[in-house]
Amino acid sequence: MSRQLLAKSYEPVQFENKWYSFWESEGFFKADASSKKPRFSIVIPPPNVTGSLHMGHALQHTLHDILVRWKRMNGFNTLWLPGTDHASIAVHYVLDKMLEREKKNRFDLGREEFLKLAWEWKKSSGGTILNQMRRMGVSCDWSRERFTMDDQLSRAVIDVFVRLYEEGLIYRGEYIVNWCPRCKTAISDLEVVYQAARGKLWHIQYPVVDGSEVVTVATTRPETMLGDTAVAVHPDDERYQHLIGKKVLLPVMNREIPVIADAFVDREFGTGAVKVTPAHDPHDYEAGMRHGLAKVTVIDDAGIMTESAGPYKGMDRFKCRQKLVEQLSAEGFLVKTEDYEHNVGHCDRCSAVVEPKISIQWYLKIDSLAKPAIDAVESGQIQFVPDAFKKRYFEWMYNIHDWCISRQLWWGHRIPAWYCDACGEIIVSRSTPTGCTKCGGSLREESDILDTWFSSALWPFSTLGWPEETQDFRTFYPTDILITGPDIIFFWVARMIMMGLKFAGDIPFRQVHINGIVRDASRKKMSKTKGNIIEPLQLIDQYGADAVRFTLSSMAVPGTDIPFSSDRMKGYSAFANKVWNAARFVMMNLKDEDGFVSPETVDDLLVQKKEETPLEDLWILHRLNRVSEEISQSLDKFRFHEASALIYQFIWHELCDWYIELIKPVLTDPSIPDAVRGPRIKVLIHTIDFSLRMLHPFMPFITEEIWQKIPHEGKSIMMQSFPSPRGIRENQEAAQRMQDLMELIGEIRGLRAEMNIDPKRSLDVSLIIRDPQDKSLIAESTSKIQSLARLGKIEFMDSLSGALLRGVSKMGEFGLDVQDAINVEAERERLEKEAVRVKEEIDKVWKKINSQDFISRAPEDVIQENRTRHDDLLEKLRKLESNLSHLPLN
């Protein structure tokens with residue numbers, strides 16, 4: 001039976017789905033909680049159930065999968081646990097938009113019907129991103145897939161809430177919160193995105209009640225003045241000492257309010273006197289608490305002015321701003337309007353302008369949870385990679401505030417609390433109580449849900465069956481590593497550490513790898529408004545998942561943002577093609593009797609016939625040792641970019657450009673006897689096998705497709721062992737000799753290319769080689785040098801004379817006979833003219849970049865462009881002069 005060959009061209013769409021279905025159906029992704037193997041466990045940062053695959057996901061999933069596949073091939077019992085987050089605010093936003101199209105809202109449906117709609121939506125659309133993840137080749141254990149609102153995870157959430165409440169760490173209180181009028185819920189400080197905005201600073205006069213003078217305050221939010229209950233000045237501000245304790249008249253509302261002294265006032269802002277609105281500003285709220293001021297709410301949950309706003313009741317807050325400014329101007333209270341740039345808070349989910357607002361919420365006291373989490377990182381129990389991200393973690397942890405954990409939404413974990421309206425008792429319970437435990441009265445269930453991040457904080461252990469001590473929990477907790485972005489160190493990483501230590505009794509992971517953010521080629525953040533979004537699924541359709549994965553891994557310098565460009569993408573697509581074509585060439589030239597070659601078989605060849613083994617075979621086996629070890633060392637330190645560069649360099653340059661070229665005659669010459677061919681082919685097949693294994697974690701699809709068609713044993717490449725150094729193959733001497741030979745050939749090739757000599761043209765070469773061992777190496781390798789450097793006669797000389805194109809390598813000097821290959825004098829004249837032109841250009845650019853006038857007027861990018869141009873011209877001149885020096889002498 002003849003061997004099955006690879007298709008003529010690399011078409012990943014033809015086999016990617018086939019191999020993923022094969023891996024999944026064979027159960028290769030499944031972890032075994034009872035296995036005696038060393039274990040490696042990792043949980044996926046659960047994407048939102050509303051989400052679709054973006055470049056950030058593609059990066060994280062690629063890095064996860066490289067580690068998981070590498071560990072699996074190293075004999076580990078690997079668990080990569082997938083799942084999705086219920087994403088309360090995001091789901092509400094999606095469903096609200098759907099209802100708006102039907103001219104409805106969630107309140108028209110009611111809670112029960114809305115939740116029914118949400119579950120239906122989750123069932124039909126919630127798995128989109130998981131299917132997209134499969135296209136990236138992720139080897140997750142889908143049998144353990146979790147959702148944050150699964151019954152078991154929900155039980156864990158309720159249990160944690162009740163325990164914290166019973167310990168006095170959860171309480172209910174009235175505070176000022178960030179309120180989203182669009183989502184109609186409180187959101188945390190971390191969910192507020194601040195954007196620079198060009199607004200106005202309005203200066204408004206408040207008359208002193210005794211009529212003696214006016215106090216001018218400045219504000220960016222004049223609509224909130226309707227809820228003012230004081231004017232504040234700094235106690236040390238001499239301008240206002242005489243007014244402290246007096247009263248001013250609030251314009252429009254005609255309400256008398258006091259002038260108070262408080263150190264929170266910035267004397268440099270505006271006039272140094274500020275309006276105080278305790279119900280609509282966090283700093284004012286604190287000042288109001290200190291001075292016992294009334295809290296007048298003038299903006300409601302929907303951003304509409306309340307009854308307390310007087311004549312503006314029922315008006316939208318921004319419409320009120322416009323009309324109020326007009327009234328203040330007409331009545332003479334508005335004395336100045338300035339352009340003012342400031343940061344305005346927006347809801348991270350829907351982008352509505354956030355409104356600070358007083359609200360009764362549930363809070364988690366965080367101090368006692370934060371201290372052990374700080375200690376875990378300070379002691380080195382948990383390590384951040386790069387280490388610099390510890391600073392960001394500590395900045396937040398040392399300045400942590402109580403966590404507002406309630407949200408005024410319906411989709412999510414409902415807070416397990418009930419109220420007795422008869423006696424005011426609050427009951428928190430794991431199960432629904434039948435009545436008030438204090439007075440026996442009927443109960444009203446809390447309508448608020450928990451912040452999504454509350455359940456996400458339990459993810460590393462709730463997904464493993466906690467609070468039950470399951471076999472999965474005992475085997476796979478704590479996990480080994482978390483790979484995530486810098487934007488959720490506070491949202492998620494810190495909270496998982498706190499909750500893991502508190503409830504699971506151990507840290508949730510040992511290392512936190514912070515990957516960079518994928519940006520566009522100009523290093524700008526990707527956004528729909530900028531039109532610079534890159535869709536990973538489109539890239540997969542165009543280039544294949546392997547090329548996308550390799551591009552991302554090759555650029556994944558820890559903690560450094562990735563400027564993603566299509567040029568890099570095309571380059572690594574070309575790499576996949578190179579791998580494909582090289583494998584196809586080898587397979588086309590194998591015989592049916594060429595079978596699987598085990599590592600032990602190759603080792604036996606070295607034991608039995610080391611002296612007969614050609615240099616290139618000794619070299620490539622040594623390089624397999626070195627590269628496999630270096631890749632493992634890089635992956636062990638999460639230096640994905642280094643590991644990617646190592647396998648790229650080895651396969652493209654060492655395996656394809658050198659080794660396969662050197663062994664071509666063995667493959668293609670039928671006259672070579674089997675006794676010679678056999679051992680050479682064994683080394684070749686084994687080298688291809690091990691090269692594919694090393695590449696597999698990075699490019700799983702193409703490696704499986706090729707591996708299945710070369711002589712092999714086993715069901716899948718992903719279940720084979722990852723190469724590691726084998727002592728008998730260590731041969732630094734052979735590696736150095738081969739390197740010297742490659743360097744000589746490279747120098748000859750380079751000189752030919754610089755002189756534009758036809759690559760097919762065969763040239764004679766004269767060599768001055770002083771070292772006898774080097775001379776012997778060249779003599780033994782004559783046919784290889786002739787083939788790879790396109791040479792004819794090779795002669796050893798004591799000196800070079802005549803019209804030779806001269807060059808130097810580490811082993812010695814060489815001269816190429818270029819008679820009739822180039823017109824030496826014409827080439828010399830061309831190079832000299834070009835050198836003169838380049839020198840003139842260098843002089844011109846040098847004068848420009850050293851001109852103070854140019855430096856002071858030109859934009860920085862133009863200055864840098866000219867400096868780069870100067871460096872490029874210097875390099876060009878160096879090459880021109882080098883080429884001139886190599887030309888044959890007259």
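This is a predicted model: local features need pLDDT of at least 70, side-chain atom pairs count only at pLDDT 80 or more; totals for chains, interfaces and linings use all residues.
## Helix α27

The expected span of a helix is 1.5 Å times one less than its number of residues.

Which residues of α27 are buried? They are V824, E827, R828, L831, E834, A835, V838, E841, I842, V845 and I849. An α-helix has 3.6 residues a turn, so residues three or four places apart point the same way. The cover over the buried residues of α27 includes α28 (852-857) and α29 (860-886).

## Helix α18

Helix α18 runs over residues 566-588 and contains 23 residues. From its first C-alpha to its last it reaches 32 Å, close to the 33 Å expected at 1.5 Å a residue.

The buried residues in α18 are M569, Y572, S573, F575, A576, V579, W580, A582, A583, V586 and M587. What do the buried residues of α18 pack against? Their partners are α16 (536-543), α17 (545-554), α21 (640-668), α22 (674-695) and α23 (700-707).

## Cis peptide bonds

V385 and P386 are joined by a cis peptide bond, with omega about 0°. P386 sits in the loop that connects β15 (383-385) to α11 (389-397).

A cis bond also leads from Y477 to P478, where omega is near 0°. The loop holding P478 lies between α14 (471-476) and β22 (481-484).

A87 is not a glycine, yet its phi is positive, at about 50°. The residue belongs to the loop between β3 (83-84) and α3 (88-101). Is A87 buried or exposed? Buried means under 20% relative accessible area; A87 has 5% and is therefore buried.

N756 is another residue other than glycine with a positive phi, here near 60°. Its place is the loop between α24 (732-754) and β26 (763-769). Exposed means over 50% relative accessible area; N756 is at 61%, so N756 counts as exposed.

Definitions and conventions. Residues are numbered from 1 along each chain as its sequence is written. Side-chain values use heavy atoms; hydrogens and water are left out. Helices (H or I, at least four residues) and strands (E, at least two) are DSSP runs, numbered from the N terminus. Buried means under 20% relative accessible area, exposed over 50%, partly exposed in between (1.4 Å probe, protein chains only). Contact means heavy atoms within 4.5 Å.
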